[in-house]
Amino acid sequence: MAEEEVINSDSGMREACGVFGCIATGDWPTQLDVPHIICLGLVGLQHRGQESGGIVTSTGTKSSQYTQKKGCGYINSIFHEEDLIKLKGNLGIGHTRYSTCGGSDVSNIQPFVVETLHGPISVAHNGELVNSTSIKQKLLRHGVGLSTGSDSELITQLLTHMPDCGEPDGPNWVGRIKAMMKQTPTSYSLAIMYSDKIYAVRDPYGNRPLCIGKLLTASSFAGGSDDKVEGQRQTDDSCDGWVVSSESCSFGAIGARLYREVLPGEIVELSKDGIKSKCIVDRPESKLPAFCIFEYVYFARPDSVLEGQMVYDVRKRCGHQLAIEAPADADLVSTVPESATPAAIAYAEALGVPYGEVLCKNRYVGRTFIQPSMRLRKLGVAKKFGLLTGNFQNKRVVLVDDSIVRGNTMKPIIQMLKNAGAKEVHVRVASPPIKHPCYMGINIPTTEELVANRVNFEKIANHFGADSLQYLSVEGLLKATQEGVKIDSNLPVGHCVACLTGSYPVSLDW
Ligand SMILES: O=P(O)(O)OC[C@H]1O[C@H](OP(=O)(O)OP(=O)(O)O)[C@H](O)[C@@H]1O
Ligand SMILES: NC(=O)CC[C@H](N)C(=O)O
């Protein structure tokens, strides 16, 4: 591939979307500022999607119209004070998007809202349906008209169908959600709003994260009790409401505490009276969960808790394991900020080599950046990183990155460091080579575009201009991830490593 084409392409991975929902407890109309909470929750999930966002709220009566606002860009640029005032409601859901299925059009912005036999529903989706083509055909054959290119619309439309068991006693939303889940195995974490309830749903493989938080009253988050009560419907006075979020990192800013993660296949109902686990849809026998390993490597924020463990801790263990598998003789260990930083710190600690920063990241450049002209495209990395030259001149540097996808980032960084006086640059990657596309919610490009497939493996260090380059093994990554998992010991543990091994959790039959 020509140099120009490589630099021109986008930076490889796109983040998964973020979904968020909030429902007030106590008397309605609530005093709780539901739209502000959702907005702040989405800002906390901004690292998962920087393309567009939306919020839909409701007063929670069957006949009530939903109020919504959607737009392109970052959450803070879409929602202003006057929008949030108009969004007043007792419950609502929100979304921040990075497209994986369907273009970056305004029509694909979530949450979706459709009218059903029982009134409007709204859906926010993180993930990507592995069988979206066949679901789309099925819906079209049934005469369902589609107005977007998004797989999230397919989920929304599937939910408008009455389940086979019928609805003799009125709307059967759990039946409808279960019927939808039977038709598509993965990948989805959803917030679904209907009437006075929100349903938090995770696909049976648990491919994308989803968790529930408890909104604490002002007196209890000022140091009150963390009265964790498991069980069926659950109410208590120390709680202003409930939230559902892709990641727990969004909870601190809204005075919420992580209550628990939604289990793979689980449907949890959030209402003004509390939360209730409605059912768990099983995977086919013998199949393990397939939680995306790249949530740990790159996507999730380090202060989020996934499978009972802090993402930061997993990244540190990856760095430690990397030091065991691929030590290097050097004067300084450093990071390609930001996702790689915990791994770099642990790598340095394990080898007893000083850790220091060599790159200063411009915090106003997003995780992926769009270059509007050839000149700026070529300056892509320079636009993102400044050099802390005094820290590395005449030194042998180990540069730790969390992942290499197309290799756009690494090559110019090494060049910059060497031009500025680094004696040697050794690259260590805290994940294995990415060799296979992802069809489950991460926009990892085609096989041919991945640098691990384009360049002869023996010569990859040379390709980047590095003095050496080594990756963490798949076994090492799984060990570092799984040894800290803290979930119910009766539940199986399993991670999707399809982008590393080509072994997908479900057969790809399209
Ligand atoms: O091989 P490539 O195709 O260049 O992609 C890999 C790079 O992209 C990511 O950084 P990003 O700036 O997106 O996020 P971060 O700030 O969280 O590290 C990742 O951490 C790697 O540095
Ligand atoms: N990254 C995501 O989770 C995107 C959700 C959905 N597939 C979309 O493209 O809108």
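**Helix packing, sheet and loops**

Mentor: In H10, the residues Val314, Arg317, Cys318, Gln321 and Glu325 meet Gly476, Leu477, Lys479, Ala480 and Thr481 of H17; contact means heavy atoms within 4.5 Å, and helices (H or I, at least four residues) and strands (E, at least two) are DSSP runs numbered from the N terminus. The contact residues of H10 with H17 divide into 4 nonpolar, 3 polar and 3 charged, where Ala, Val, Leu, Ile, Met, Phe, Trp, Tyr, Cys and Pro count as nonpolar, Asp, Glu, Lys and Arg as charged, and the others, Gly among them, as polar.

Trainee: Before we go on, what kind of model is this?

Mentor: This is a predicted model, in which local features need pLDDT of at least 70 and side-chain atom pairs count only at pLDDT 80 or more, while totals for chains, interfaces and linings use all residues. Residues are numbered from 1 along each chain as its sequence is written, chains are lettered from A and ligands numbered from 1 in the order in which they are written, and side-chain values use heavy atoms, with hydrogens and water left out.

Trainee: At what angle do H10 and H17 pack?

Mentor: Helix H10 (residues 311-325) and helix H17 (residues 474-482) pack at about 140°, and their axes are 8 Å apart. Axes are lines fitted to C-alpha atoms, for helices over the stretch in contact, and angles run from 0 to 180 degrees between N-to-C directions.

Trainee: Turning to the sheet, what is its strand order?

Mentor: The open sheet has 7 strands in the order E3-E2-E4-E1-E10-E9-E11, with antiparallel pairing; two strands pair if DSSP finds at least two bridges between them. Strand E3 (67-72) and strand E11 (256-261) stand at the edges with a single partner strand each, so one side of each has no neighbour in the sheet. From one strand to the next, the twist averages 15°.

Trainee: Which helix packs on the sheet?

Mentor: Helix H2 (residues 34-43) does, touching strand E1 (18-24), E2, E4, strand E9 (211-216) and strand E10 (239-245). The direction of H2 makes about 155° with that of E1.

Trainee: How many bridges join E2 to E4?

Mentor: There are 7 bridges between strand E2 (residues 52-58) and strand E4 (residues 91-97), which run antiparallel. Serine 52, for example, has arginine 97 in E4 as its bridge partner.

Trainee: Is serine 52 buried or exposed?

Mentor: Serine 52 counts as buried, at 3% relative accessibility; buried means under 20% relative accessible area, exposed over 50%, and partly exposed in between (1.4 Å probe, protein chains only). Leaving aside neighbours within four places in sequence, serine 52 is in contact with Gly71, Cys72, Gly73, Ile78, His95, Thr96, Arg97 and Ile109.

Trainee: And where is leucine 87?

Mentor: Leucine 87 lies in the loop between helix H4 (81-86) and E4, and at 1% relative accessibility it counts as buried. Not counting residues up to four places away in sequence, leucine 87 touches Pro35, Ile55, Thr57, Thr67, Gln68, Lys69 and Phe79. The C-alpha atoms of leucine 87 and threonine 57 are separated by 6.1 Å, although the two are 30 residues apart along the chain.

Trainee: Which peptide bonds are cis?

Mentor: Among them are the bond joining tryptophan 28 and proline 29, with omega about 0°, and the bond from glutamine 110 to proline 111, with omega near 0°. Proline 29 lies in the loop between E1 and H2, and proline 111 in the loop between E4 and strand E5 (112-116). Most residues other than glycine have a negative phi, and most peptide bonds are trans.

Trainee: Which residues other than glycine have a positive phi, then?

Mentor: They include serine 195, with phi near 50°, and glutamate 307, with phi about 50°. Serine 195 lies in the loop between strand E7 (189-194) and strand E8 (197-202) and is buried, with a relative accessible area of 8%. Glutamate 307 lies in the loop between strand E15 (305-306) and strand E16 (309-310), and it also counts as buried, at 9% relative accessibility.
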